[in-house]
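Work through the exercises below with the sequence and the 3D view open. Try each task before you read its solution.

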Amino acid sequence: MKGMHPEQPCRFAGVNFPLYQGDEESMKVLVAVKRVVDYNVKVRVKADNSGVDLANVKMSMNPFCEIAVEEAVRLKEKGVVTEVVVVSIGPNAAQEQLRTALALGGDRAILVETEAEVGSLTVAKLLKAVVDQEQPQLVILGKQAIDSDNNQTGQMLAALTGFAQGTFISKVEAAEGSFTITREIDGGLQKLALKLPAILTTDLRLNEPRYASLPNIMKAKKKPLDVVTPESLGVEIRSTLELVKVEAPEERKPGIKVASVAELVDKLKNEAKVI
Amino acid sequence: MAILVIAEHNNSALNPATLNTVGAASAIGGDIHLLVAGSGCAAVAETAAKIAGVSQVLLADDAAYAHQLPENVAPLIAGIAPSYSHVLAPASTNGKNYLPCVAALLDVDQISDIIAVLSADTFKRPIYAGNAIATVRSSALIKVITVRTTAFEAVAAEGGSASVEAVAALADSGKSSFISEDIAKSDRPDLGSAKVIVSGGRGLLSSDNFQLLYTLADKLGGAVGASRAAVDAGFAANDLQVGQTGKIVAPDLYIAVGISGAIQHLAGMKDSKVIVAINKDPEAPIFQVADYGLVADLFEAVPELTQAV
Ligand SMILES: Cc1cc2nc3c(=O)[nH]c(=O)nc-3n(C[C@H](O)[C@H](O)[C@H](O)COP(=O)(O)OP(=O)(O)OC[C@H]3O[C@@H](n4cnc5c(N)ncnc54)[C@H](O)[C@@H]3O)c2cc1C
Ligand SMILES: Nc1ncnc2c1ncn2[C@@H]1O[C@H](COP(=O)(O)O)[C@@H](O)[C@H]1O
């Protein structure tokens, strides 16, 4: 592959993973995965309005990140990429999601461990630092984290790295030195050509993630997982945003059941006056 | 300092979402300038200059901006932004694409998808699929914000007389290039601005059956939407998906047909004025948000409803 970055030395001393071989044919993909509340959980706001109650709530990999991992693994299976590195920023428990990503086919993992709340801009800066170290040709993120609903990080990372940007993608076709992507946009679909290196963010229709098999879950336990800190990456966790409070949304007034189409039409015409 | 609003358009017409975004800007208060970045879009700038409350239109007319590629548009906006206190864009797929880049270039956090302005620095926005509403305060010198357009009234499209000033274009980054677009053309109203939306879910069973919904929508002068399951199954186009990760809508009347009412779907439609649910399962969660629920087989109820309205 043309325009490869120079070979990187092993950064994480004492950790057992094969040194990255910067040969002509190798291409590394970095996948960012976030630990979030499981999508089936309906969260509740804490009584003191300081946030949502996450105690004893099931946590999972953000669904869009699962799609990102799946796409990276498929690119590897197709021979387009040679190594899939997964990275997460969050508490120690985020190792669970990284292990899941390894069981789905990731080769090794990096946890940037912090107990702090990190906003998308700081996440993007931390990912930029990892990109500087790892020199991937491709970074795949979810389009949106289902907790913050921010939909920002991939775009910010593209701006910080200067990589080409392809958001909300539903299809990827690889060619020499570039990718053709299809994006889900408001009116339909858009096709772009991206030069590498590039940042992609996944939409729902990109693929259907596989389930991790038991043997792969076992194998994943042995795959390398490095833990680093924001300080070691030289990134300060700060934010220009302050969370003032979190409230429950306004409840809708309870509705009624109508017995027939005729009654429905009558209500819509004469009570709600919307038709 | 003034507020900069980024206009949404397709180089020939201004998208009405721009008017709601200007609505959010006027809730913040102050002078409002509008940036029209595109190619061959002078007519859009002329239209934009008439928007009530807009005092200046900036026009960046260059081939590099034809498709709103973020690698080109974001540096343009970030270059202009330091003269403004706020930069606002609609939370469209377009705004969501370039505005976080602008925030990163300015080294500020972006405030996504605001639904209320409490003061010039404090905003409300939904999190967790709308199951919680966060109030956030920004200390950023330039506040970079995407606006949930259904949450703000549109300002009048006419009544203003802003001047139009050209701004110099930056060079094309060359990192990405446009190949093609497949945009559905339809005479029906846009999901974002429709007064009535008829939405279908997995219960429709096929894309052919979606015709039932189009017939009803046409009689009501409405648009058609879909659940994720319906889109994934190929019953409807992706841009019809309503929900947390699709379109956010708030019509006067939303009719959910064969949709169970998952939280991700509710996140996109529960601010509709009147919600009707037609579902054969009396326990379907959609009934919890419906003003009028009809427990029925949709294949009987929808044709009957189409007849009756
Ligand atoms: C990350 C993520 C993001 C998501 N984003 C979205 C989103 O933006 N929008 C969205 O909609 N979903 C989204 N989802 C999916 C969501 O969780 C649900 O799976 C989806 O909304 C279900 O669609 P449905 O109601 O059509 O299908 P189902 O849940 O299968 O419901 C079908 C309904 O049809 C009824 N039905 C069947 N036959 C008939 C009949 N003959 N007459 C009447 N009723 C009938 C059934 O009783 C049932 O209630 C997302 C999920 C994830 C994980
Ligand atoms: N803490 C995190 N760790 C790893 N990846 C993250 C983190 N936060 C966000 N991301 C990535 O950015 C995507 C979009 O998140 P957001 O911009 O917060 O909605 C997610 O799907 C992840 O791929």
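**Exercise 1.** In which segment of chain A does A:K273 lie? Find its phi and its exposure as well.

*Solution.* The model is predicted: local features need pLDDT of at least 70, side-chain atom pairs count only at pLDDT 80 or more, and totals for chains, interfaces and linings use all residues. Residues are numbered from 1 along each chain as its sequence is written, chains are lettered from A and ligands numbered from 1 in the order in which they are written, and side-chain values use heavy atoms, without hydrogens and water.

Step 1. A:K273 lies in the segment after α6 (261–271) of chain A. Helices (H or I, at least four residues) and strands (E, at least two) are DSSP runs, numbered from the N terminus.
Step 2. Phi of A:K273 is near 55°, a positive value in a residue other than glycine.
Step 3. A:K273 has a relative accessible area of 62%, so it is exposed. The cut-offs are under 20% for buried and over 50% for exposed, with partly exposed in between (1.4 Å probe, protein chains only).

**Exercise 2.** Which residues of helix α2 of chain A are buried? Say what follows the helix.

*Solution.* Step 1. The helix covers residues 95–103.
Step 1. A:Q97, A:L98, A:A101, A:L102 and A:A103 are buried.
Step 2. Recall that an α-helix has 3.6 residues a turn, so residues three or four places apart point the same way.
Step 3. A:G105 follows α2(A), with a positive phi near 130°.

**Exercise 3.** Where is the cis peptide bond at A:P197?

*Solution.* Step 1. The bond runs from A:L196 to A:P197, and its omega is near 0°.
Step 1. A:P197 sits in the loop between β9 (188–195) and β10 (198–202) of chain A.

**Exercise 4.** Describe the surroundings of ligand 2.

*Solution.* Step 1. Ligand 2 has 19 residues around it (a heavy atom within 4 Å). The closest are A:A32, A:I89, A:A145, A:N151 and A:T153.
Step 1. Eight of these residues are nonpolar, ten polar and one charged. Here Ala, Val, Leu, Ile, Met, Phe, Trp, Tyr, Cys and Pro count as nonpolar, Asp, Glu, Lys and Arg as charged, and the others, Gly among them, as polar.
Step 2. β4(A) gives the largest share of the shell, three residues.
Step 3. An oxygen atom of ligand 2 lies 2.7 Å from a polar backbone atom of A:A145. An oxygen atom of the ligand is also 2.7 Å from an N or O atom in the side chain of A:T153.
Step 4. Alone, ligand 2 exposes 480 Å², and the protein buries 98% of that. Such areas come from the Shrake-Rupley method with a 1.4 Å probe; for residues, only the protein chains shown count as cover.

**Exercise 5.** Which chains surround ligand 1?

*Solution.* Step 1. Residues of chains A and B surround ligand 1, so the site is shared between chains.
Step 1. Of the 28 residues around ligand 1, B:R202, B:S227, B:Q241, B:S260 and B:N279 come nearest.
Step 2. A polar side-chain atom of B:R202 is 2.6 Å from an oxygen atom of ligand 1.
Step 3. The protein covers 86% of the 990 Å² of accessible area that ligand 1 has on its own.

Notes
A polar contact is a pair of N or O atoms within 3.5 Å; within protein, one must be able to donate a hydrogen and the other to accept it, and residues adjacent in sequence count only if both atoms are side-chain atoms.
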